[in-house]
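Visitor: I have not looked at this protein before, and I would like to be walked through it with care. Could you show it to me and then take my questions one at a time?

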Amino acid sequence: MYANAVHGAKAFEHTCPVASRQISGLRASTSSAGQFAGQRLAFKAQKCKASRTAAELSVRAVKDGALLDRPLRVAVVGGGPSGACTAETLAKGGIETYLLERKMDNCKPCGGAIPLCMIDEFDLPADIIDRKVTKMKMISPSNREVDVGKTLSETEYIGMCRREVMDDFLRQRAKKNGAKIINSLFMKFERPQGEDGPYKLHFNNYDAGGKVGKPDSIEVDAVIGADGANSRVAKEIDAGEYDYAIAFQERIRIPDEKMEYYKDLAEMYVGDDVSPDFYGWVFPKYDHVAVGTGTVVNKTAIKQYQQATRDRSKDKTEGGKIIRVEAHPIPEHPRPHRCKGRVTLVGDAAGYVTKCSGEGIYFAAKSGRMAAEAIVEGSQQGKRMISEDDLRVYLDKFDKKYWATYKVLDILQKVFYRSNPAREAFVEMCESDYVQKMTFDSYLYKTVVPGNPLDDAKLLIQTVGSLLRGNALRAGAKSVSFGSRNEKVAA
């Protein structure tokens with residue numbers, strides 16, 4: 001190990017001739033009772049020229065919990081809400097932080113809805129919010145419309161944002177707090193040579209510009225995978241597969257008079273025509289609307305479902321111009337394994353998207369912040385090496401706080417998205433002020449709101465009645481459009 005370290009030091013000195021090299025020799029322990037004999041070799045390098053690349057940065061093996069003679073170094077792979085919030089919190093907490101992101105102008109096909117609590121909790125500025133939605137129209141398979149939002153107060157709303165705007169803001173804020181952003185495409189990492197060694201990340205570096213990245217690498221103490229549903233970090237730790245939905249969205253610029261209709265209104269369409277297991281949406285943005293849908297069970301028909309969503313909303317969006325088409329996978333449940341060694345997952349990479357609503361932005365940002373807080377605390381603001389146990393503190397806290405939310409929405413999806421009669425019942429239930437208040441309070445403030453026992457009993461009776469009435473629609477189903485064709489509503 002000593003010979004390898006000296007060889008590495010010479011190579012490092014050769015690549016960065018103005019660096020000062022300091023080798024702290026092996027420190028033998030006189031104790032045999034579980035003490036760590038042979039502490040790490042540390043290199044302390046001064047700043048090199050501006051052309052110095054991340055490949056020249058390296059760390060040495062350190063036992064878990066041991067004091068460091070440098071700040072703890074963490075790489076965050078992925079620069080969406082989860083990665084950016086992770087990087088910001090780490091950097092503010094004294095951690096040497098590297099944020100790797102390839103698509104700096106990424107426009108994920110996302111409805112872009114964020115809850116009210118996120119705006120204050122994550123200190124988002126007003127110009128991040130394109131629209132303040134105070135009304136929502138639920139539209140059943142038979143095109144029955146129910147207006148939702150009458151229980152909101154004057155100060156309550158759902159924020160609508162464009163991901164490319166919000167994500168860039170969060171990344172830039174992380175940078176201002178000390179995170180180093182590398183325009184790069186993560187490829188793989190090498191696991192530590194032994195329990196205490198560093199992780200070596202390999203990536204294509206695009207910081208110099210151009211379409212072809214330069215192979216590069218960096219050694220770090222821990223890795224946070226925030227790289228989405230197709231996470232390469234998750235594959236590196238064998239996190240396991242999960243089922244996923246395909247989300248398809250078109251951004252459409254519609255005439256001003258039609259945009260006026262959507263200025264504070266969002267629409268949700270349910271039915272087998274728009275999705276067999278999800279919903280279609282029309283969400284207002286800054287100067288256009290986002291029209292989209294998603295599905296898990298029939299991904300190959302996603303364009304048909306999108307056309308049906310367009311058909312059902314055509315009276316209000318007709319005459320518009322498509323300015324962008326987007327598609328992306330969305331996880332359906334948390335991965336079987338979210339942590340291994342000093343590597344953990346956050347956001348979509350971990351599978352933190354709720355069923356029924358398909359929401360993931362808040363939970364992405366929150367999971368990233370919670371993971372970073374666990375690292376900052378476990379490392380004593382970057383002064384000590386962390387362990388897998390420190391990362392699992394974040395997982396335990398996240399699961400305890402949000403397990404009930406995910407479970408309730410999973411049950412709702414299984415009950416109400418399984419057939420068109422069930423969807424009719426769902427829309428009918430949304431007329432209830434009690435249902436609206438419970439739903440909005442839970443969404444806006446990210447907590448499962450305890451109900452009133454008497455009202456809950458009434459709701460149960462109403463639900464059964466709605467399901468029975470919905471099943472009666474099978475006999476006399478109306479027609480709706482499916483991919484510009486007429487289909488019966490009933491399942």
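Guide: What follows is a set of questions and answers on this structure. Residues are numbered from 1 along each chain as its sequence is written. This is a predicted model, in which local features need pLDDT of at least 70 and side-chain atom pairs count only at pLDDT 80 or more, while totals for chains, interfaces and linings use all residues, and side-chain values use heavy atoms, with hydrogens and water left out.

Visitor: How many helices and strands does the protein chain have?

Guide: Helices (H or I, at least four residues) and strands (E, at least two) are taken as DSSP runs, numbered from the N terminus. Counted in that way, the protein chain has 14 helices and 20 strands.

Visitor: What percentage of the residues in the protein chain is buried?

Guide: Buried means under 20% relative accessible area, exposed means over 50%, and partly exposed lies in between (1.4 Å probe, protein chains only). Of the 491 residues in the protein chain, the buried ones make up 56%.

Visitor: Which residues have the most contacts inside the largest nonpolar core?

Guide: A nonpolar core is a set of buried Ala, Val, Leu, Ile, Met, Phe, Trp, Tyr and Cys residues joined through side-chain atoms within 4.5 Å. In soluble globular proteins, nonpolar side chains tend to be buried together. The largest core here has 101 residues, and its largest share, ten residues, comes from helix H10 (residues 361-378). Those with the most contacts inside this core are Ile114, Ile158, Leu201, Ile375 and Tyr394.

Visitor: How far apart are the end C-alpha atoms of H10?

Guide: H10 is mostly covered, with 15 of its 18 residues buried. The expected span of a helix is 1.5 Å times one less than its number of residues, so the 18 residues of H10 should span 26 Å. The distance between its end C-alpha atoms agrees with this, at 26 Å.

Visitor: What is the phi of Gln380, and where does this residue lie?

Guide: Most residues other than glycine have a negative phi. Gln380 is partly exposed, because its relative accessible area is 40%, and its phi is a positive value in a residue other than glycine. Gln380 lies in the loop between H10 and helix H11 (388-416), and its phi is near 55 degrees.

Visitor: Is Asp123, another residue with a positive phi, buried or exposed?

Guide: Asp123 is found in the loop between helix H3 (116-121) and strand E4 (131-133), and its phi is near 50 degrees. Because its relative accessible area is 58%, Asp123 is exposed.

Visitor: Which side chain makes a polar contact with the side chain of Glu88?

Guide: Glu88 lies in helix H2 (residues 81-92), and it is buried, with a relative accessible area of 6%. A polar contact is a pair of N or O atoms within 3.5 Å; within protein, one must be able to donate a hydrogen and the other to accept it, and residues adjacent in sequence count only if both atoms are side-chain atoms. At 3.3 Å, the partner of the Glu88 side chain is the side chain of Arg173.

Visitor: What is the relative accessibility of Glu267, and which side chain does its own side chain meet in a polar contact?

Guide: Glu267 is found in strand E13 (residues 265-269), and it counts as buried because its relative accessibility is 0%. Contact means heavy atoms within 4.5 Å, and, leaving aside neighbours within four places in sequence, Glu267 is in contact with residues including Lys137, Tyr261, Trp281 and Lys316. Its side chain makes a polar contact, at 2.9 Å, with the side chain of Tyr269.

Visitor: Why is helix H12 (residues 420-429) described as largely enclosed?

Guide: Among the buried residues in H12 are Asn420, Arg423 and Glu424, together with Phe426 and Met429. The helix is largely enclosed by the rest of the structure because the number of its ten residues that are buried is ten.

Visitor: How many disulfides are found, and how far from Cys430 is the nearest cysteine sulfur?

Guide: A disulfide is a pair of cysteine sulfur atoms within 2.5 Å, and a search of the whole structure finds zero disulfides. Cys430 is in no disulfide, and the nearest cysteine sulfur, that of Cys356, lies at a distance of 9.0 Å.
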